[in-house]
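Student: I would like to work through this model with you, beginning with the terms and then turning to the helices and the sheet. Could we look at it together?

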Amino acid sequence: MARRFGADGSRVLRSRWRTATMAAGWAFPADWPVREVDDVCRAVLGTADPSGELYRLGGARAESGSGLAETLLDLAALHAVLTGPSGADGVVSPDVDAVPARMLRATALGWGEVMSRQAANCAADNPLTGLATSAYLRTRLREVYAEGPRGYVLVLAALDLSRVTGWSRVVAMTLLADALREVFDEGQTLASIGPATACVLLRRDATLARAVANLRLLTADRLAVDPHVAPTGPVRVWQEELPETWDRAVALVAGLGR
């Protein structure tokens with residue numbers, strides 16, 4: 001395969017692939033040349049299975065906003081170049097139905113993985129706990145910083161999920177979410193920022209210390225009811241001051257959620 005594309009096979013293949021994709025109607029030419037294209041060129045000209053590179057290419061296409069149909073048409077252009085006329089001026093006709101299933105599956109899975117992750121990040125609420133997502137919290141933080149973050153504070157609550165497995169993890173976080181909503185019930189932003197950590201964005205006032213103490217007690221009572229989730233407690237509750245900038249606040253929340 002490498003021999004038919006000459007000594008500089010990867011570069012030649014990349015050029016012909018791009019030409020075929022553009023001719024097939026690729027909408028945004030500037031989005032086509034990503035690093036994963038070069039990885040795929042090297043992989044398909046070698047002897048190893050290129051599924052990993054195709055998976056990452058599918059993900060890169062999703063990250064850049066390409067739809068699945070456009071992504072698979074691009075893949076079909078690659079396949080047509082690989083199997084079509086070897087001459088520099090050979091005209092190819094991309095046909096998605098002609099692409100081997102293994103290539104289609106790897107590319108589509110990579111695209112779908114990124115789209116699923118993006119959909120989860122864009123949702124406003126976690127469907128299991130009812131808490132807002134990290135993406136929504138970032139939006140609220142941007143609004144707070146636009147007004148001025150002085151007076152705001154983050155209250156964090158974390159469980160030890162390493163002591164339980166399976167469905168008990170979900171139950172424990174659901175119980176924590178219920179306790180958060182009962183204690184902080186005046187419009188504060190309640191968000192899930194990690195698999196074992198929740199966060200409240202609120203204005204500091206004279207009742208904050210009592211609310212934190214109530215959260216510890218209420219969560220302990222909720223967890224104690226079910227022996228399968230009791231090992232996740234006691235809940236660790238603490239406060240974090242907001243950094244000077246929104247970027248640093250987002251980085252802080254991301255780190256606390258790990």
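Tutor: Buried means under 20% relative accessible area, exposed over 50%, and partly exposed in between, with a 1.4 Å probe and protein chains only. This is a predicted model, in which local features need pLDDT of at least 70 and side-chain atom pairs count only at pLDDT 80 or more, while totals for chains, interfaces and linings use all residues. Residues are numbered from 1 along each chain as its sequence is written, and side-chain values use heavy atoms, with hydrogens and water left out.

Student: Is T219 buried or exposed?

Tutor: T219 lies in helix α8 (residues 208-224); helices (H or I, at least four residues) and strands (E, at least two) are DSSP runs, numbered from the N terminus. Leaving aside neighbours within four places in sequence, T219 is in contact (heavy atoms within 4.5 Å) with L176, A179 and V235. Its relative accessibility is 1%, so T219 counts as buried.

Student: Which residues does E63 contact, leaving aside its neighbours within four places in sequence?

Tutor: E63 is found in helix α3 (residues 51-63) and is partly exposed, with a relative accessible area of 48%. The C-alpha atoms of E63 and V114 are separated by 6.8 Å, although the two are 51 residues apart along the chain. With those sequence neighbours left aside, the contacts of E63 are V114, R117 and Q118.

Student: How are α1 and α2 oriented to each other?

Tutor: Axes are lines fitted to C-alpha atoms, for helices over the stretch in contact, and angles run from 0 to 180 degrees between N-to-C directions. The axes of helix α1 (residues 9-23) and helix α2 (residues 35-44) come within 9 Å and cross at roughly 120°. Angles under 35 degrees count as roughly parallel, over 145 as roughly antiparallel, 65 to 115 as roughly perpendicular and the rest as oblique. The two helices are therefore oblique.

Student: Which residues of α4 make the contact with α1?

Tutor: Helix α4 (residues 68-83) packs against α1 at an angle of about 125°, with the axes 8 Å apart. That makes α1 oblique to α4. On the α1 side the contact involves L13, R16, W17, A20 and T21, and on the α4 side D74, A77, L78, V81 and L82.

Student: Which strands stand at the edges of the sheet?

Tutor: Two strands pair if DSSP finds at least two bridges between them. Four strands form an open sheet in the order β2-β3-β1-β4, with antiparallel pairing. One side of each edge strand is left without a neighbour in the sheet, because each has a single partner strand; these are β2 and β4 (236-241).

Student: Which residue of β3 is the bridge partner of V155?

Tutor: Strand β1 (residues 152-158) and β3 run antiparallel and are joined by seven bridges. Strand β3 (residues 197-203) is mostly covered, with six of its seven residues buried. The bridge partner of V155 in β3 is V200.

Student: Which residue of β3 stands opposite S192?

Tutor: Strand β2 (residues 189-192) pairs with β3 in the antiparallel sense over four bridges. The two strands form a hairpin with four residues between them. A191 stands opposite C199 in β3, and opposite S192 is A198.

Student: At about what angle does α7 run to β3?

Tutor: Helix α7 (residues 167-183) lies across β1, β2 and β3. Its angle to β3 is about 10°.
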